[in-house]
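I opened my notebook to look up some side-chain contacts. Here is what I am working from.

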Amino acid sequence: MVLIAIVSTYHSYAISSKKDSILLVGKIFNNEERVKDVVINVFDHNLKIKTIKVKSSNFVRTYLPKNTILTIEITAPNFHDKRFMFDSHVPDKLTKLPGYEFDMDIFSIEELSGVNTSLLDFPVGLVKYNSKKKIFIRDKDYTKRMKKLYFQLLEEAQMSERGTLKDD
């Protein structure tokens with residue numbers, strides 16, 4: 001069975017040591033196997049501002065600028081790219097910025113062969129600051145809908161592979 005751990009937060013406390021930035025920590029998987037040679041691209045609106053190359057592990061740690069809209073793009077050789085949106089706007093009065101932790105399960109090109117993968121162009125998750133909880137959280141409803149669509153895509157690929165997909 002394939003697990004899709006979309007984007008989730010584990011910390012409810014401030015983990016960033018820099019006043020002007022947000023600590024992003026994550027792990028990248030395919031099913032339960034770690035993915036090597038991961039590259040994380042960070043876009044501020046549509047401008048690439050950072051590239052993080054992770055060679056021998058699947059663990060990512062970087063700081064993000066606050067008060068902007070970011071796209072976090074996860075890439076690796078022989079895998080489909082995956083993205084999530086990160087709204088880093090926080091109240092000006094915060095003295096310690098909370099960090100955000102995520103696990104991301106990405107699909108290999110082989111897993112999704114034979115199906116239209118244009119769905120993967122859409123962000124799999126949306127993250128923003130929650131003033132009541134004082135942490136960054138993912139939009140659970142959006143993530144749930146995207147997770148369902150990703151499972152359908154994977155199921156379609158598996159059916160196509162077995163030759164049981166009917167032609168329209």
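This is a predicted model: local features need pLDDT of at least 70, side-chain atom pairs count only at pLDDT 80 or more; totals for chains, interfaces and linings use all residues.

Are Phe 86 and Phe 136 buried or exposed? I checked each of them, and both Phe 86 and Phe 136 are buried.

**Entry: aromatic rings**

I began with how to describe ring pairs. A pair of aromatic rings is described by the distance of the centres and the angle of the planes. I counted the pairs and got five. Then I took Phe 86 and Tyr 100. Their ring centres are 5.8 Å apart and their planes stand at 65°, so I wrote down edge-to-face. The cut-off for that label is over 60 degrees. Next I looked up where the two sit. Phe 86 is in strand 7 (residues 82–87) and Tyr 100 is in strand 8 (residues 100–105), so this pair ties together parts 14 residues apart in sequence. Tyr 100 is buried, as is Phe 86.

I then turned to Phe 86 with Phe 136. This aromatic pair is tilted, with 4.9 Å from centre to centre and 35° between the planes. Phe 136 belongs to strand 10 (residues 135–138), and the pair links distant parts of the chain, 50 residues apart. I also looked for a cluster. Phe 86, Tyr 100, Tyr 129 and Phe 136 form one.

**Entry: a charge over a ring**

Which residue lies over the face of Phe 107? I found Lys 82 there, at 5.2 Å from the ring centre.

**Entry: salt bridges**

I asked how many salt bridges the structure holds. The count is two. In one of them, the side chains of Glu 73 and Arg 83 meet, at 3.1 Å from N to O. Glu 73 lies in strand 6 (residues 69–75) and Arg 83 in strand 7, ten residues apart. Asp 81 also forms a salt bridge with Arg 83, with the closest N and O atoms 3.9 Å apart. I wrote the three down together: Glu 73, Asp 81 and Arg 83 are linked in a network of salt bridges.

I checked burial too. Glu 73 has 11% relative accessibility, so it counts as buried. Arg 83 has 18%, so it counts as buried. Asp 81 is partly exposed, because its relative accessible area is 29%.

**Entry: Asn 130**

My last stop was Asn 130, in strand 9 (residues 125–130). A polar atom of its side chain lies 2.9 Å from the backbone nitrogen of Lys 132. Leaving out residues up to four places away in sequence, Asn 130 touches Ile 135 and Ile 137.

Definitions and conventions: Residues are numbered from 1 along each chain as its sequence is written. Side-chain values use heavy atoms; hydrogens and water are left out. Helices (H or I, at least four residues) and strands (E, at least two) are DSSP runs, numbered from the N terminus. A polar contact is a pair of N or O atoms within 3.5 Å; within protein, one must be able to donate a hydrogen and the other to accept it, and residues adjacent in sequence count only if both atoms are side-chain atoms. Contact means heavy atoms within 4.5 Å. Rings of Phe, Tyr and Trp (its six-membered ring) pair if their centres lie within 6.5 Å; planes under 30 degrees apart count as stacked, over 60 as edge-to-face and the rest as tilted. Buried means under 20% relative accessible area, exposed over 50%, partly exposed in between (1.4 Å probe, protein chains only). A charge sits over a ring if NZ of Lys or CZ of Arg is within 6 Å of the ring centre and within 35 degrees of the ring normal. A salt bridge is a side-chain nitrogen of Lys or Arg within 4 Å of a carboxyl oxygen of Asp or Glu.
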